[in-house]
Amino acid sequence: MSAHPYDHGHTVAGWTGFGIAGAGTAVVGFGVCTVSWPLLAVGASVALAGLVVTWVLHLAGWGKPPGPRPREQWGWRVRDVSARQGHAGCLGCRLAGRGRPAATGSCSARTSPTSRTVPSQ
């Protein structure tokens, strides 16, 4: 049983990206040990492919936003139903043209210079 009230985002996107990036960094490490520039390039390309695959899977709904979620969405094989609209404050969603900016405060508390009224004399 878990001692915390939320999951840590263990998702298909996260585990797949970790596996691909782990394999890429292993190839990079082997390339460093053997002083092989082609292995370094291949390993770096595989690690970069892991990043892209993670991003695509996140956008397809196999990743989850940070923060608390209902317990029925804690499983790592559960698709995220809010992925189509984008996640608030998610850089990956914003790069894809989705999502909402993170809430930073009330917009009504700020006044723009053009909305000020000039008192009449």
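I take pLDDT as the predictor's confidence in each residue, from 0 to 100, and helices as DSSP runs of H or I with at least four residues, numbered from the N terminus.

**Ground rules.** I am working on a predicted model, where local features need pLDDT of at least 70 and side-chain atom pairs count only at pLDDT 80 or more, while totals for chains, interfaces and linings use all residues. I number residues from 1 along each chain as its sequence is written, and side-chain values use heavy atoms, with hydrogens and water left out.

**Confidence.** I looked up the mean pLDDT of the protein and found 78, with 72% of the residues reaching 70 or more. Confidence is highest in α1, at 95, and lowest in helix α3 (residues 91-95), at a mean of 82. Over residues 105-118 pLDDT stays under 50. For that stretch I note three contacts (heavy atoms within 4.5 Å) beyond four places in sequence.

**Aromatic pairs.** I paired rings of Phe, Tyr and Trp (its six-membered ring) with centres within 6.5 Å, calling planes under 30 degrees apart stacked, over 60 edge-to-face and the rest tilted. The count comes to one aromatic pair. This is W15 with F18, edge-to-face, at 6.2 Å centre to centre and 90° between the planes. About one helical turn separates W15 and F18, because they are three residues apart in helix α1 (residues 12-34).

**Exposure.** I call a residue buried under 20% relative accessible area, exposed over 50% and partly exposed in between (1.4 Å probe, protein chains only). W15 is partly exposed at 47%, and F18 is exposed at 59%.

**R79.** I found R79 in the loop between α2 (37-62) and α3, partly exposed at 43%. Leaving out residues up to four places away in sequence, R79 touches A60, G61 and W62.

Definitions and conventions. Helices (H or I, at least four residues) and strands (E, at least two) are DSSP runs, numbered from the N terminus.
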